[in-house]
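Q: Let's take the labels on this model one at a time and set each against its definition.

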Amino acid sequence: SSTDKAVSAAQQLVADKVSVVLGSYGSGVSIAAGTYFANAKIPAIGCSCTNAAVTAGNDYYFRVCFLDPFQGSVMASFAMEEFGAKKAYVLSMLGDDYTVGLAKNFVIAFEAAGGEIVADETFVEGTADFSAYLNNAVAGGADVIFAPSAIAYAPQIIEQASALGISLPILGGDTWENSAISDAQNGTDMQVFVSTFFDENDESGLAKEFVTGYKAWLNGNSQNDVVAAVSALGYDAYMTAVAAIEKAQSTDGFAIRDALAGLSIDAVTGSISFDANGDAIKSTAYIKQAIDGGFQFYKVQNAD
């Protein structure tokens, strides 16, 4: 997830004369690489990079996931509808494109809906003690904590909140759908919720078929058979690339880019088509709760 390594990887892909790029997982590295793909006229399809800047001003970058403005609105709506939240405390990591961007969009949506942000704070990389931040949330009278921090710090926030006896619900973004989060919550009374792109219990045709096949592959390779949302998005990004190549009847980057711009397909995570920015048009997100060492589907949530 190092942005300088992203630049090196992008330059190597350009040198290899690839026709289309899948990725990346994270927003920061996608932003760092985007200019190189655009200059080389190689289309890229992001899988789970949610920061709005990934595709902004770049005609060659597309993505199959929803964006942080949408995700921030979803979690603000969820906080208000589910917990009757009128006040929220927000915590993100300084210098991290994803966490700061998502926090900003939550703040905008929460305040627009009449809520109050008691504090919008950032911590620096390497922080180990979050007690002061958590106590600030309580002192400010927050009803919920929105803390879309990097996965390296999220478990500490949950564990330390529990140790301090803080019972406020803690909300995170899509990267929190990770075993480190469910493990941190396990054995505590903490209410931890995340927004995500996909639920493996979706019974629609393509989703069910994908989950069945992917679980069989995972079991055959002696791996945990939980189907993560990012796995479904990776599959959708690949099939979107295939569909664009077939539509273009070419492996030329410019032709694939034009095919992507007008593409509309059924996919595992829902139908996929793109707006003028190359962003997937999405209307709903899945809310999951970290509980008993895993994640349980909680509800489908829109941004309104």
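Q: Why does serine 92 count as buried?
A: Its relative accessibility is 2%, and buried means under 20% relative accessible area (exposed is over 50%, partly exposed is in between, with a 1.4 Å probe and protein chains only). So serine 92 counts as buried. Before we go on: this is a predicted model, where local features need pLDDT of at least 70 and side-chain atom pairs count only at pLDDT 80 or more, while totals for chains, interfaces and linings use all residues. Residues are numbered from 1 along each chain as its sequence is written, and side-chain values use heavy atoms, leaving out hydrogens and water.

Q: What does serine 92 touch, and where does it sit?
A: Serine 92 is in strand β4; strands are DSSP runs of E with at least two residues, helices are runs of H or I with at least four, and both are numbered from the N terminus. Contact means heavy atoms within 4.5 Å. Leaving aside residues up to four places away in sequence, serine 92 touches Thr99, Val100, Ala103, Glu121, Thr122 and Phe123.

Q: Why is glycine 72 called buried?
A: Glycine 72 has 0% relative accessibility, so it counts as buried. This residue is in helix α3. Not counting residues up to four places away in sequence, glycine 72 touches Leu102, Asn105, Phe106 and Ala109. The C-alpha atoms of glycine 72 and serine 195 are separated by 9.2 Å, though the two residues are 123 residues apart along the chain.

Q: Why are α9 and α10 described as roughly perpendicular?
A: The axes of α9 (residues 229-248) and α10 (residues 253-261) cross at roughly 110° and come within 8 Å. Axes here are lines fitted to C-alpha atoms, for helices over the stretch in contact, and angles run from 0 to 180 degrees between N-to-C directions. Angles of 65 to 115 degrees count as roughly perpendicular, under 35 as roughly parallel, over 145 as roughly antiparallel and the rest as oblique. That is why α9 and α10 get the perpendicular label.

Q: Which residues make that contact, and how do they divide by type?
A: From α9 come Thr240, Ala244, Ile245, Lys247 and Ala248, and from α10 come Ala255, Ile256, Ala259 and Leu260. Ala, Val, Leu, Ile, Met, Phe, Trp, Tyr, Cys and Pro count as nonpolar, Asp, Glu, Lys and Arg as charged, and the others, Gly among them, as polar. By that scheme there are seven nonpolar, one polar and one charged.

Q: What makes a set of residues a nonpolar core, and which residues have the most contacts inside the largest one?
A: A nonpolar core is a set of buried Ala, Val, Leu, Ile, Met, Phe, Trp, Tyr and Cys residues joined through side-chain atoms within 4.5 Å. The largest core has 51 residues, and Met75, Phe106, Phe110, Phe198 and Leu260 have the most contacts inside it. Elements giving two or more residues to this core include α3 (68-83), α4 (97-112), α9 and α10. There is also a second, separate core of 27 residues, with Met93, Phe130, Ile158 and Val192 among them. As for leucine 260, its contacts beyond four places in sequence are Pro43, Ile45, Phe62, Thr240, Ala244 and Phe274.

Q: How do you know that β11 pairs with β8 and with β12?
A: Two strands pair if DSSP finds at least two bridges between them. Five bridges join β8 (residues 192-196) to β11, running antiparallel, and seven join β11 to β12 (residues 294-301), also antiparallel. Threonine 196 stands opposite tyrosine 286 in β11, and isoleucine 291 stands opposite glycine 294 in β12.

Q: What makes β12 an edge strand?
A: β12 pairs on one side only, as does β5 (116-123), the other edge strand. The open sheet has seven strands in the order β5-β4-β6-β7-β8-β11-β12, with mixed pairing. Its twist averages 25° from one strand to the next.

Q: What makes β11 "mostly covered"?
A: Six of the seven residues of β11 are buried.

Q: How do you know that β1 and β2 are paired?
A: Two bridges join β1 to β2 (residues 44-46), and the strands run parallel. Valine 21 has alanine 44 as its bridge partner in β2. With β3, these strands form an open sheet in the order β1-β2-β3.
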